[in-house]
Amino acid sequence: MDKLKIKNRYEEALKLKSREQYAKALKDELSKQEWKDELDDLSTHMESIASEKEYEKFMNKLVDLFDKVYEKIAAPGLDKFIEWIKENSKNETNADKLRAFLIKDYEKYSSKIDDILAAIDSLPNDKGEKRIFSSMITKFQTEQKSVVLNFLNKPDLFVNNIDAFLDSLKTEFEGLAGLSELSYTSVEDLYNDEQKKDQTISFYITIINNALAEGQSIKAIDDAEKNHKLWIRAQSRITSIKKCISILEKTGIAKSNDEDLKYLFTRFDKEMLKTKGDVSRVLCEYIEKTWDPLQTKYEAIKSFYEEEELEIDENDWVNYEKKADLDILLLTYRKVRADNVLPTLRSTSLDKVGSTISKCHSSIIEFQNLESSTRVTIKQHIEDFYKQYAAKRSMLEKLVAKQEQLKNQFDSLYSENSRDKLLPNIKSGYESLNIDGTLLLAMSKDNATIYETLSDMKKAKETFMNILKQSQMEEQLEWINSFGDNTTIEISNFDRQKLEDLLSKGLITLSFTKTF
């Protein structure tokens with residue numbers, strides 16, 4: 001007779017007997033007359049013990065009675081556990097073997113088994129209102145069935161595997177039961193306090209529901225998760241689904257005043273979570289790599305076409321040296337303006353929306369690049385013209401110094417205070433082209449900077465030539481300019497009269513070099 005085992009069983013029986021969920025059933029069972037009759041029979045027998053052999057026989061009967069009582073006390077929890085095992089294994093034979101194995105030392109396992117049963121009972125079910133995470137609970141239970149089957153199919157190893165088996169069930173079910181979100185019956189239960197106040201959050205409901213549908217699998221999604229408990233994976237999935245709501249909220253689409261943009265966003269609701277994996281990572285990657293670039297292009301297109309189309313007349317530069325550059329720019333502008341895709345975007349098939357936006361955006365970017373390079377070319381050309389005539393100022397000043405009738409023309413060319421102030425205006429013209437986008441505006445009728453600047457350039461050239469002609473020094477200047485930077489005059493091209501004229505007007509100085 002194992003007195004220690006009896007003592008342990010007695011103490012465990014007292015605990016089991018006092019447990020609320022089994023108290024009434026045990027009281028009814030132990031109040032039956034058959035138990036009282038067996039005990040009375042033993043009591044009568046005890047009074048007639050006359051030898052050690054009879055004492056041993058009595059004690060064996062007493063232990064047998066105690067074991068029967070203990071088994072009845074243990075039965076409610078153990079039977080419920082075995083019933084659950086049978087439901088999850090469909091292997092009644094080995095389940096009965098497990099019961100027989102457990103009852104022998106039930107005091108060792110009863111606490112864990114009761115904890116397991118309590119956790120299982122605390123899991124929400126759909127008998128009343130449907131829960132939004134019922135699919136996750138079902139998947140969890142399916143995984144546990146596999147655990148039960150694997151254990152039950154090896155009855156010879158019960159003694160070796162029982163502790164790990166019960167510990168695993170206890171950890172998993174208690175962990176899962178501790179996830180308060182499993183009792184949620186509405187998507188709104190997932191919202192934080194701020195989100196609950198945000199009336200626009202419902203805009204994302206379809207995508208949130210997709211995240212709920214796609215995000216309840218508890219299969220390992222990477223190597224790191226293979227070592228995680230199932231309940232931890234479940235917790236991670238719930239966290240990920242909540243994070244999806246924050247990711248969607250951060251896009252700000254729901255608060256946008258652009259109804260076309262909002263409609264465009266909703267068209268991609270099924271695409272956003274098409275890739276398998278952690279739903280928040282999948283959604284975040286889609287937003288960052290697909291939606292954000294698409295939205296940026298959409299907004300650039302919208303901004304471009306929201307600007308009123310400029311009225312431009314190509315006749316404004318009909319005789320300009322860089323006419324071809326401005327003609328190409330204007331032709332490209334008109335073509336891009338005619339290719340606005342936004343009005344037809346709602347009717348564009350979803351598989352072509354991305355490419356349609358990208359193509360339109362690329363056309364705008366190509367045009368803007370062309371405008372930028374053409375702007376640099378035109379600005380430089382006008383600036384070069386300005387510098388060319390600005391460099392002639394000192395020469396003209398000497399020409400007009402002794403010819404008062406030419407002073408007004410000189411002032412119209414160079415003076416800020418003159419009515420025409422041709423070169424100052426030309427300078428303002430090219431300085432207005434310092435920023436991308438300014439050339440097209442300068443070409444427009446409303447702005448007319450190009451037209452006015454080209455007109456001033458034409459007038460400046462004519463004024464300059466008039467001064468030369470009226471000063472009667474045109475021929476002399478052309479002759480001296482024909483030498484370029486060369487200041488050596490050979491006898492073959494020596495012209496005494498022209499040199500005297502230039503010297504007398506102060507347009508040149510004369511020096512010589514001795515060759516002997």
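Ile247 counts as buried at a relative accessibility of 13%, where buried means under 20% relative accessible area, exposed over 50% and partly exposed in between, with a 1.4 Å probe and protein chains only. The model is predicted, so local features need pLDDT of at least 70 and side-chain atom pairs count only at pLDDT 80 or more, while totals for chains, interfaces and linings use all residues. Residues are numbered from 1 along each chain as its sequence is written, and side-chain values use heavy atoms, with hydrogens and water left out.

Ile247 is placed in helix H11 (residues 230-251); helices (H or I, at least four residues) and strands (E, at least two) are DSSP runs, numbered from the N terminus. Apart from residues up to four places away in sequence, Ile247 touches Ser280, Leu283, Cys284 and Ile287, contact being defined as heavy atoms within 4.5 Å. Between Ile247 and Arg281 there are 34 residues of separation in sequence and 9.8 Å in space, taken from C-alpha to C-alpha.

Ser280 belongs to helix H13 (residues 279-306). With a relative accessibility of 6%, Ser280 counts as buried. Its contacts, leaving aside neighbours within four places in sequence, are Ser240, Lys243, Cys244 and Ile247. The side chains of Ser280 and Asp278 are also joined by a polar contact of 2.7 Å. A polar contact is a pair of N or O atoms within 3.5 Å; within protein, one must be able to donate a hydrogen and the other to accept it, and residues adjacent in sequence count only if both atoms are side-chain atoms.

For the chain, the secondary structure comes to 22 helices and 0 strands. Of the 516 residues in the chain, 40% are buried. Where contacts in the chain link residues at least 6 apart in sequence, 73% of them join residues at least 24 apart. The accessible surface of the chain is about 30,200 Å², and 48% of this belongs to carbon and sulfur atoms; accessible areas come from the Shrake-Rupley method with a 1.4 Å probe, and for residues only the protein chains shown count as cover.

Helix H17 (residues 407-414) has Gln409, Phe410, Ser412, Leu413 and Tyr414 as buried residues. These buried residues of H17 pack against helix H15 (350-390), helix H16 (393-400), helix H18 (422-431) and helix H20 (449-470).

Lys90, although not a glycine, has a positive phi of about 60 degrees. Lys90 is found in the loop between helix H4 (52-87) and helix H5 (92-104) and is exposed, with a relative accessible area of 72%. Ala448 is likewise not a glycine, and its positive phi is about 65 degrees. Ala448 sits in the loop between helix H19 (438-443) and H20, and counts as buried at 14% relative accessibility.

On a 1 Å grid over the protein atoms alone, a cavity is a set of points where a 1.4 Å probe fits but cannot get out, and a pocket is an open set with protein on both sides within 12 Å along at least five of seven lines; lining residues have an atom within 4 Å of a point. Grid points are joined across faces, edges and corners, and a volume is the space filled by probe spheres set on the points.

The count is 1 cavity of 30 Å³ or more, and the largest cavity holds about 70 Å³ of space. Its lining consists of Asp260, Tyr263, Leu264, Arg267, Tyr298, Leu342, Leu345 and Arg346. Helix H12 (residues 259-267) supplies the largest share of this lining, with 4 residues. By class, the lining of the largest cavity has 5 nonpolar, no polar and 3 charged residues; Ala, Val, Leu, Ile, Met, Phe, Trp, Tyr, Cys and Pro count as nonpolar, Asp, Glu, Lys and Arg as charged, and the others, Gly among them, as polar.

The largest pocket has a volume of about 740 Å³. It is lined by 23 residues, and Ile480, Thr487, Ile489, Thr509 and Leu510 lie nearest its centre. H16 and helix H21 (474-481) are the elements that give two or more residues to this lining. The second largest pocket has a volume of about 490 Å³. H20 gives the most to the lining of the second largest pocket, with 6 residues.
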